[in-house]
Amino acid sequence: MKSFFHKILSVALASLVFVTTMSFTVDMHYCGDSLVDFALFHNAQTCGMENQSSQKSCEAGFSEKSCCSDVQIVNDGQDDLKTSYTNLSFEHQAFVATFFYTYINLFDGLDKNIVPFRDYAVPFLIRDIQKLHETYLI
């Protein structure tokens, strides 16, 4: 169960990194209030109505605003990710050196088997006192 949860979590985190670093553009074309075309990575096709001129002669001198509109949503991904760690600053080098030095020295004296009561003799028991007084440790 733990391995399965670990795999699901790693896939979720990898997809999160992928989605946050990917950039994409959503382009939508509306005629009036209705959506005509939707495109994810390229420009949306128009319906051709935005180029039609007004048929009324009295409005020929004025430019009429088209009923069509384009909406573009741009999501810029993260471009400032550091891909290589070969150039470390002095503070990072000092931190890494200090971390490894303290981690290695943490287990330095644990190779010996230290027994603190090695020099003392085992007590000589004539009777079992706990059984004699019927006091048992639970």
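Buried here means under 20% relative accessible area, exposed means over 50%, and partly exposed sits in between (1.4 Å probe, protein chains only). Keep in mind that this is a predicted model, where local features need pLDDT of at least 70, side-chain atom pairs count only at pLDDT 80 or more, and totals for chains, interfaces and linings use all residues. Residues are numbered from 1 along each chain as its sequence is written, and side-chain values use heavy atoms, with hydrogens and water left out.

| Residue | Relative accessible area | Class |
|---|---|---|
| His 29 | 1% | buried |
| Cys 68 | 14% | buried |
| Glu 134 | 62% | exposed |

Let's start with His 29, which sits in strand β1, residues 24–31 (strands are DSSP runs of E, at least two residues; helices are runs of H or I, at least four; both are numbered from the N terminus). Its side chain makes a polar contact with the side chain of Asp 70, at 2.5 Å. Such a contact is a pair of N or O atoms within 3.5 Å; within protein, one must be able to donate a hydrogen and the other to accept it, and residues adjacent in sequence count only if both atoms are side-chain atoms.

What about disulfides, meaning cysteine sulfur pairs within 2.5 Å? The whole structure has 0 of them. For Cys 68, the closest cysteine sulfur belongs to Cys 31 and is 3.0 Å away, so that's too far for a bond.

Finally, Glu 134 lies in the segment after α3 (129–133). This residue has a positive phi of about 50°, although it isn't a glycine.

Technical notes:
A disulfide is a pair of cysteine sulfur atoms within 2.5 Å.
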